[in-house]
Amino acid sequence: MLEKILGKMETSKGFIHIPVRERKDLIGDISVPCKTLLNTEIARIDSYGRLWSSFLKGKFSAGSKVRLTRKEDGFQVELIGNGYENYEKIKKKDAAFINSWDSSKQRTQIRKKGTCTSSFGSPGRFGHDSSKFYKSRLYEGIPSEIKETVYVENEIPQDYLNRIFCKSSERMDELPENSIHLMVTSPPYNVGKDYDKNFSLEEYRNLLRQVFKEVYRVLVTGGRACVNIANLGRKPYIPLHTWIIQDMLDIGFLMRGEIIWDKGSSAAASTAWGSWCSATNPTLRDVHEYILVFSKDTFSRPNLKDKKNTITREEFLEWSKSVWSFPAESASKIGHPAPFPIELPLRLIKLYTFEKDVVLDPFMGSGTTAIAALQTNRHYIGYEIIKEYVGIAEKRIKEFQSAQSQMKLSNFSV
Ligand SMILES: C[S@@+](CC[C@H](N)C(=O)[O-])C[C@H]1O[C@@H](n2cnc3c(N)ncnc32)[C@H](O)[C@@H]1O
């Protein structure tokens with residue numbers, strides 16, 4: 001028997017988030033989602049431990065205290081009073097359960113008979129138990145997932161959604177903490193482009209560290225941060241991506257992986273061979289860039305509002321691979337010295353966010369991330385210090401929106 005105070009969303013949408021530490025406390029080892037009964041009406045338990053039933057819809061007001069009892073054929077819920085004063089406290093506690101529920105789901109999956117880490121690798125890795133590997137000393141000192149986090153999502157003022165702020169993203173005071181679902185960006189490279197400031201490496205790293213600390217603050221738990229970066233120079237080569245990884249880990253991000261973006265023949269056709277067909281000093285000509293992918297505090301992110309995934313099966317199969325191939329964007333066509341192609345933010349947005357999520361680009365440039373967000377029915381927020389680029393971005397966004405509404409009109413009239 002359990003008691004809980006219902007949240008606003010629970011009462012309006014018709015569910016109860018089952019307040020237990022471990023799923024087995026209430027439903028044992030059965031797999032979710034599963035069907036059950038609530039006060040003899042048909043109900044469903046989803047994978048976040050929420051008990052849904054149309055019986056509940058509009059039945060209680062937010063702040064109502066209910067008692068939930070496990071019966072042989074399902075559950076029984078009854079109102080036992082109002083407890084609004086406890087509401088904020090309970091809301092936070094409940095959010096923590098979402099994550100513990102999620103990790104207990106993962107633990108159950110691992111416990112099922114499957115492969116495990118072995119000296120010769122494991123074929124197939126189905127239901128793979130990798131706990132031995134993750135407990136190994138290799139992981140000592142590497143930030144690990146925070147198990148008992150509280151998932152809080154703060155609302156961004158409506159006025160700030162779909163907007164580019166013409167200011168430095170070192171401070172994003174407009175954004176509340178825990179409000180952004182994904183950051184996608186390509187930072188300035190400090191290589192003498194119009195907007196570059198000829199920083200020393202340390203000054204450059206300080207700028208990025210400050211911006212990414214702000215990004216960490218504004219991301220929701222489990223929110224993702226994707227940084228597109230290329231390495232520089234040859235004599236010697238400057239591996240910017242390794243320093244960015246180090247700085248992101250120092251800030252507290254968890255690293256999820258890195259994508260090699262193969263620009264193929266669209267990469268600037270460098271003829272800096274070093275020594276032609278001779279081992280004296282041949283140099284590598286980069287035709288790739290990196291997309292470094294991080295998470296805040298946890299790897300998974302609950303979908304509490306049942307938002308829609310928009311990635312197709314084919315896209316998921318292809319884009320979850322760590323090498324992506326598509327051409328670079330033409331700077332002269334866009335009017336910005338270093339735009340990335342729309343394909344880059346588009347894939348990340350579809351892979352890492354749900355519809356109506358909020359995507360931040362703290363170095364917005366010509367607005368490519370904003371267009372990708374609109375195209376996928378997400379919101380954007382951007383920061384850009386150069387007014388002229390904000391103008392270019394806003395023009396591109398307007399053109400995209402009018403092309404989109406033209407298309408809708410012509411579909412409608414067919
Ligand atoms: C590599 S470009 C981004 C290009 C962008 N992805 C696009 O597709 O157009 C980096 C941008 O960051 C801007 N920038 C540099 N420092 C900044 C800062 N402190 N805050 C906000 N924007 C900044 C530059 O003006 C430049 O437009």
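**Strands, helices and cores: how the calls are made**

User: What makes β14 and β15 a pair, and in which sense do they run?

Analyst: Strand β14 and strand β15 (residues 379-383) are joined in the parallel sense by four bridges. Two strands pair if DSSP finds at least two bridges between them. Four bridges meet that cut-off, so the two strands count as a pair. Within the pair, V359 stands opposite Y380 in β15. Note that this is a predicted model: local features need pLDDT of at least 70, side-chain atom pairs count only at pLDDT 80 or more, and totals for chains, interfaces and linings use all residues. Residues are numbered from 1 along each chain as its sequence is written.

User: How do you know that β9 also pairs with β14?

Analyst: Two bridges join strand β9 (residues 180-185) to β14. The cut-off is at least two, so the call holds. The strands run parallel. M183 of the chain stands opposite L360 in β14.

User: Why are both faces of β14 called covered?

Analyst: A residue is buried if 20 or more other C-beta atoms lie within 10 Å of its own, exposed if 12 or fewer, and partly exposed in between, with C-beta atoms placed from the backbone. In β14 (residues 358-361), V358 and L360 on one side are buried, and so are V359 and D361 on the other.

User: What makes β14, α10 and β15 a right-handed unit?

Analyst: Point the strands away from the viewer: the crossover is right-handed if the path from the first strand over the helix to the second runs clockwise. The β-α-β unit of β14, helix α10 (residues 368-375) and β15 is assigned right-handed.

User: How do you know that the length of α5 fits a helix?

Analyst: The expected span is 1.5 Å times one less than the number of residues. For the 18 residues of α5 this gives 26 Å, and the end C-alpha atoms are 26 Å apart, so the two agree.

User: Which residues of α5 are buried, and why are they said to line one face?

Analyst: L208, V211, F212, E214, V215 and V218 are buried. Their directions from the helix axis to the C-beta atoms fall within an arc of 150°, so they line one face of α5. On the other side, E202 and E203 are exposed. The buried residues pack against β9, β10, α6 and β14.

User: What makes L240, I244 and M248 one side of α6?

Analyst: In α6, L240, I244 and M248 are buried. They cover an arc of only 70° around the axis, which puts them on the same side. An α-helix has 3.6 residues a turn, so residues three or four places apart point the same way. T242, Q246 and D250 are exposed on the other side of α6.

User: What is called a nonpolar core, and which residues touch the most other members of the largest one?

Analyst: A nonpolar core is a set of buried Ala, Val, Leu, Ile, Met, Phe, Trp, Tyr and Cys residues joined through C-beta atoms within 7 Å. The largest has 52 residues, and I180, M183 and I349 touch the most other members. Its largest share, six residues, comes from β10. Apart from this core lies another of 14 residues, among them L6, L38, I45 and V77.

Terms used: Contact = placed C-beta atoms within 7 Å.
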